[in-house]
Amino acid sequence: MTHSDPLAPSAAPDLSVRVGDLTLANPVMPASGTFSEDLADVFDLDLLGAHVLKTIMHGTRPGNPTPRVCDLQGGMLNAIGIPSKGVAYFRDQMLPYWSGYRAPLVVSISAHSMDEFARLCAEVSLPGVAAIEANISCPNIEADGKAFAMRPDTTEQVMRRLRAATDLPLWAKMTPNTGEPVETALAAEAAGADALVTANTALGMAIDVRTRRPRLGNVMGGMSGPAMKPIALRMTYQCTRACTIPVIGCGGIATLDDVLEFLIAGASAVQVGTATFQSPTVMARLVAELADWTAAHGITDLSQVIGSVEMPDDEAA
Amino acid sequence: MTHSDPLAPSAAPDLSVRVGDLTLANPVMPASGTFSEDLADVFDLDLLGAHVLKTIMHGTRPGNPTPRVCDLQGGMLNAIGIPSKGVAYFRDQMLPYWSGYRAPLVVSISAHSMDEFARLCAEVSLPGVAAIEANISCPNIEADGKAFAMRPDTTEQVMRRLRAATDLPLWAKMTPNTGEPVETALAAEAAGADALVTANTALGMAIDVRTRRPRLGNVMGGMSGPAMKPIALRMTYQCTRACTIPVIGCGGIATLDDVLEFLIAGASAVQVGTATFQSPTVMARLVAELADWTAAHGITDLSQVIGSVEMPDDEAA
Amino acid sequence: MTLIPSLLSVPVAPGIAARCAEARTVVLSNTPVNGEYRLLTLDAPVEVLACQPGQFFQLLCPEPEGEHPFLRRPMSIYGYDAEAGQLQFLYKVAGAGTRGLATLRPGDGLNVLGPLGQGFTMADDWQDLLLLARGVGLATLAPLARMAQQKGRRLTAICSARRPELAMSVDLFQGYGAEVIVVHDEDGSSAPDALRALIEARITAGRVDAFYTCGSSRLLRLLQDLGARHGIPGEIAMEQQMACGLGMCQACVRPFQEADGIVHRRVCREGPVFPIAEAIA
Amino acid sequence: MTLIPSLLSVPVAPGIAARCAEARTVVLSNTPVNGEYRLLTLDAPVEVLACQPGQFFQLLCPEPEGEHPFLRRPMSIYGYDAEAGQLQFLYKVAGAGTRGLATLRPGDGLNVLGPLGQGFTMADDWQDLLLLARGVGLATLAPLARMAQQKGRRLTAICSARRPELAMSVDLFQGYGAEVIVVHDEDGSSAPDALRALIEARITAGRVDAFYTCGSSRLLRLLQDLGARHGIPGEIAMEQQMACGLGMCQACVRPFQEADGIVHRRVCREGPVFPIAEAIA
Ligand SMILES: Cc1cc2nc3c(=O)[nH]c(=O)nc-3n(C[C@H](O)[C@H](O)[C@H](O)COP(=O)(O)OP(=O)(O)OC[C@H]3O[C@@H](n4cnc5c(N)ncnc54)[C@H](O)[C@@H]3O)c2cc1C
Ligand SMILES: Cc1cc2nc3c(=O)[nH]c(=O)nc-3n(C[C@H](O)[C@H](O)[C@H](O)COP(=O)(O)OP(=O)(O)OC[C@H]3O[C@@H](n4cnc5c(N)ncnc54)[C@H](O)[C@@H]3O)c2cc1C
Ligand SMILES: Cc1cc2nc3c(=O)[nH]c(=O)nc-3n(C[C@H](O)[C@H](O)[C@H](O)COP(=O)(O)O)c2cc1C
Ligand SMILES: Cc1cc2nc3c(=O)[nH]c(=O)nc-3n(C[C@H](O)[C@H](O)[C@H](O)COP(=O)(O)O)c2cc1C
Ligand code: FES
Ligand code: FES
């Protein structure tokens, strides 16, 4: 920054937010699986509040059969699976690259068993990693969307194992497919999670009526994009009310109003996924638009926005 | 029908489907809460496969505070609640009107306790009623969307009480908010349900960023319309695979392709809700379009379509 | 909007006198009026033109770029002419739906549903009528002027606005023989006390048999108070969020004061016009 | 599409030689070609015009009435001209996205992302080139003709179609000095055996150093077989469902045969052009 007039709009208002012990320069970060170094061709990745990588698993895995994506009205389905090159590739090839950025690096991990999950967690707790996001919610890994985050007991067990395996800030990525969103959030908090991410994709399906085949090779997959926004916002609101740890909103965020909607509901930061596929520059624009908005509204600290939802009057209908 | 040429497209192909012991002239019926006698101004209600009424409860109730609806990208939220004029009003005022139609009448009921539910079920089992749809899933009745259909045990308990209370065909309306859709479906079947309806609305929320207030007076509400279609289709598919009783698809159906998508996934019939708000004539048009489609594709019986989804080849990705 | 309702026509049951229909209209013009408002004139089929003042339509708004209005938007009938086959709406660009309406160009199609709801009544002994409204509310009351003229009633229209030049429909009211009084915020003539004095003077002169108003709680409270004091009946057109507009979904209820207590009525079905005395501001 | 990407420009990091950009273009023309196909010509900024034949763009298609294409649609570059500031796509109207493209009129804006992927290569010893493609695949191969001419190579283009008059790009190939052979279904000249005979005759005459093709599995298998028998290398442009087009999401993988076994590569990043020998039909 070389500007001298602190009142000029370009004086970059302070958009910093805290997520537990971590301070982010702004609340906008990518959602896991929708981001990679390829995006650096389109904007300066250091404009982001953090970098969140595609979930990695311990060994190498091919991922799901194709087609792996299809589009919907207001969203998409994916069943990428978690193609993974394994932990060694991450350590040797990816970490050095990402360490070159100022933005804190969040590493997303997953596993089929608690042992493997804890081992992977310890192995990725390396210098240069700012936080670990535990993807306990990927609906593609186990049959019919049953993941750790579907239930409070499995959530608490796996998060305790991860908590013991690392000293880094530990985020738990929740699923909208559970019938107990609040109970699982409380279980993650009780197990020592430093933040929650609400949420991963909603389990869905689509059929091509001409071929009578499912549109995804995996038959079912995760719905993301604006279509799931009301569900993700509801979970964000439920979790911020129930828990004391910060919540990171995620699901369908594409516009400044969406960012504000999640912050007002209580999110301390937001993740943007599918919108990047529609417009790869969207996250950089959201940061700029948020700066303009705070300036225009006299907001000096985003804590004036976060959780500021007003409850309706208690008037009769 | 006075046409003489049986090959002319106007010879009204047979669109009848069976839902348990009930035969419907065609698979298209309204979803509860999105239909009333007011629609008779717009098309002949006897064009429908069945009539499904707004859920009634035992006593009179005012419903939720306003605003009760808001619109979304590809859908809407509602928190109408169940304003009810009680069972006497149904018996004396509504039943005589609906008995004037040929289309079978399906009465949707709900209650806060199993006792009240069973009593209401017995009281509405009247001549002129063809089936009872148990709304065990309305997300607005109990806090945070917890309804009977959220869990297999409560589903089984309440459905057993209802089964004992009536000899009429009994349908169970499921919720997409459960983490155990298959288990609750199996529980409803085990308790003696004759059919399942998949599904009621998905719990969501929206905030007006200018006023910072929730867009619904009730804060949270049920998402319906195209945005929830992939979730409802997934549940329909899961339930038809797991259960032997018929499944009625519901959620986001608006076009002929949507109807076909649910039938191909395994639904024996479909319910149309929110689409009627966009176009009140939509159900009548869907019946006509389905007739044209069967004629054009040489389909003589919808059983050639129902459940005809083809699984992807087992090729590697 | 999501659906493109096809032109396939569907029959109503024999014996039903349909009060409304879903119909495709064609835009004749869509022009700005007064900066904030637009007048939309449609070529409409006769089956939707048996309208009453105070009734409304549900419009399936096109999607403006980047926005997705989903539900229909309710709009009062501003003008209707069965012989000319025309239907008019006066609307204020407020959000996604009305921004969508503003994109309509002559020749474009627009799917409408209506006429809906219960319009204004005009009892035989309501000879001297006083109409009080503000902003887009004047659109809702505009067709009353024609009704009054047809029935040979005297109508005074008090048009309230932020600035005198923003008062709408003045010409239209005058064209139907109404006396028009423009009140506005700049000289304070639109303030409740000023209005109260203005109206009470006319009541005292024996020149008010009934009130008509719409929208604003402030104006409603004023007329409720004056009506109660002086025994003057009247009607108000009210608004509420809607989904179906037909009476099916119960989204659009408002509370009303009846003798036995508060009841809920559907704005789209029992309304949008209600007795002033029963409305709750 | 949902987002209306604003024109706000965002910086890339210093030192990055960006291979692609998200840019707003303006439609110059969008005209039917051969009934099933359309040619879209865009006025495009120079930062997206450093293209290679075989690369593609991701187009943010407008929504046609009643349909909602959500993801971008991949389209091969049919023509590009950095000096004139023009970019062209030849597309077949297939579904919601391409129906949306078909609605574009001169002057409309279109958001594009590109150029993406790895284009065709042309090794120094590939002097005699044989190009074989069908339908819209010819669009993908069209810019190769210019590249061949610029590099002074001899190109033979075998254009396959259902009927002779449907063979596309014949003029374009000829314009760049290629020999064009049209084969079609009506006289059986497009059948695999007929093609095999045709191509083998040329190989025998020593007139084929490399193949280029795209799309069809049938043509791929034919060229793989001929390539293996006669030791002729070549390249194929492949397709797959995509989400991001940039390499981030891993949606677009296809299996390839490497020495050690089958590997997955991203069509959008490692491709869309791959060695014919490694592709799996
Ligand atoms: C019976 C009736 C008659 C009306 N007549 C007119 C008229 O003649 N001219 C005019 O300009 N406006 C009129 N309105 C208000 C008009 O319906 C809203 O301004 C319009 O729906 C706003 O939609 P939007 O998408 O532009 O705004 P948004 O604020 O984005 O709308 C969001 C949602 O809120 C609803 N909504 C917003 N404002 C209102 C409101 N005042 N009443 C009910 N729902 C609302 C919308 O329908 C939509 O579902 C009338 C409303 C009713 C109920
Ligand atoms: C690298 C590449 C280059 C291409 N170049 C051209 C070209 O120059 N001209 C042309 O006409 N077509 C080309 N295609 C195919 C083109 O992308 C599809 O025809 C188009 O996406 C269809 O979209 P739709 O909405 O009209 O059809 P729909 O069938 O409704 O599409 C549904 C979904 O399937 C995807 N899809 C459909 N067909 C294909 C396909 N063949 N490959 C990948 N995804 C597909 C769509 O992108 C969309 O997400 C190319 C595809 C790829 C991958
Ligand atoms: C193509 C794709 C791949 C994804 N991969 C992952 C993943 O590997 N790990 C994960 O936790 N979430 C993954 N997600 C979920 C996103 O991180 C995010 O939670 C979800 O898409 C909702 O946000 P959105 O609507 O902004 O996309 C993926 C989503 C998409 C669309
Ligand atoms: C305004 C509204 C009211 C509803 N009321 C009821 C109800 O009383 N009982 C019920 O079982 N479902 C009710 N539903 C849910 C619908 O019956 C249906 O399950 C749901 O809307 C999904 O279908 P759709 O996307 O076609 O609307 C209601 C839905 C809406 C939109
Ligand atoms: S809007 Fe549906 S009942 Fe009034
Ligand atoms: S389309 Fe996303 S990696 Fe290729």
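**Ligand shells and two annotated sites**

Trainee: How far apart are the end C-alpha atoms of residues 20-122 of chain C, and how much of that span is helix and strand?

Mentor: In this predicted model, the end C-alpha atoms of residues 20-122 of chain C lie 22 Å apart, and the span is 7% helix and 45% strand.

Trainee: And what feature does UniProt place there, at residues 20-122 of chain C?

Mentor: An unreviewed UniProt entry places "domain: FAD-binding FR-type" at residues 20-122 of chain C, and the wording comes from that record.

Trainee: OK, ligand 1 then. Which residues are closest to it?

Mentor: The residues surrounding ligand 1 number 20, and the closest are C:P74, C:G95, C:G97, C:T98 and C:E239. The backbone of C:P74 has an N or O atom 2.6 Å from an oxygen atom of ligand 1, the backbone of C:G95 has one 2.7 Å from an oxygen atom of the ligand, and an N or O atom in the side chain of C:T98 is 2.4 Å from a ligand oxygen atom.

Trainee: How much of ligand 1 does the protein bury?

Mentor: Taken alone, ligand 1 exposes 820 Å², of which the protein buries 83%.

Trainee: Which elements and domains of chain C supply the shell around ligand 1?

Mentor: Strand 4 (73-76), strand 6 (86-92) and helix 1 (96-102) of chain C each supply at least two residues, and strand 4 of chain C has the largest share, 4 residues. At the level of domains, domain 1 (8-116) and domain 2 (128-278) of chain C each provide at least three residues of the shell around ligand 1. Sorted by class, that shell has 11 nonpolar, 6 polar and 3 charged residues.

Trainee: Moving on to ligand 2, which residues are closest to that one?

Mentor: Ligand 2 is surrounded by 20 residues, with D:R73, D:P74, D:G97, D:T98 and D:E239 as the closest. On its own, ligand 2 exposes 820 Å², and the protein buries 83% of that.

Trainee: Which element of chain D gives the most to the shell around ligand 2?

Mentor: That is strand 4 of chain D, with 4 residues, and the shell around ligand 2 also draws at least three residues from each of domain 1 (8-116) and domain 2 (128-278) of chain D.

Trainee: Now ligand 4. Which residues come nearest, and how is the shell made up by class?

Mentor: Of the 23 residues around ligand 4, the nearest are B:S32, B:T55, B:K173, B:G252 and B:T274, and by class the shell has 7 nonpolar, 14 polar and 2 charged residues. An oxygen atom of ligand 4 is 2.7 Å from a backbone N or O atom of B:S32, an N or O atom in the side chain of B:K173 lies 2.7 Å from a ligand oxygen atom, and for a polar side-chain atom of B:T274 the distance to an oxygen atom of ligand 4 is 2.6 Å. Ligand 4 has 600 Å² of accessible area on its own, and the protein covers 98% of it.

Trainee: Last one: where in chain A is A:C138 found, and is A:C138 buried or exposed?

Mentor: A:C138, which an unreviewed UniProt entry annotates as "active site", is found in the loop between strand 10 (131-135) and helix 3 (152-165) of chain A. A:C138 counts as buried because its relative accessible area is 10%, and buried means under 20%.

Definitions and conventions
Residues are numbered from 1 along each chain as its sequence is written. Chains are lettered from A and ligands numbered from 1 in the order in which they are written. This is a predicted model: local features need pLDDT of at least 70, side-chain atom pairs count only at pLDDT 80 or more; totals for chains, interfaces and linings use all residues. Side-chain values use heavy atoms; hydrogens and water are left out. A residue is near a molecule or strand if one of its heavy atoms lies within 4 Å of it. Accessible areas come from the Shrake-Rupley method with a 1.4 Å probe; for residues, only the protein chains shown count as cover. Domain bounds come from an automatic or database domain assignment. UniProt positions are given in the numbering used here, feature names are shortened, and annotations may be inferred rather than shown by experiment. Buried means under 20% relative accessible area, exposed over 50%, partly exposed in between (1.4 Å probe, protein chains only). A polar contact is a pair of N or O atoms within 3.5 Å; within protein, one must be able to donate a hydrogen and the other to accept it, and residues adjacent in sequence count only if both atoms are side-chain atoms. Ala, Val, Leu, Ile, Met, Phe, Trp, Tyr, Cys and Pro count as nonpolar, Asp, Glu, Lys and Arg as charged, and the others, Gly among them, as polar.
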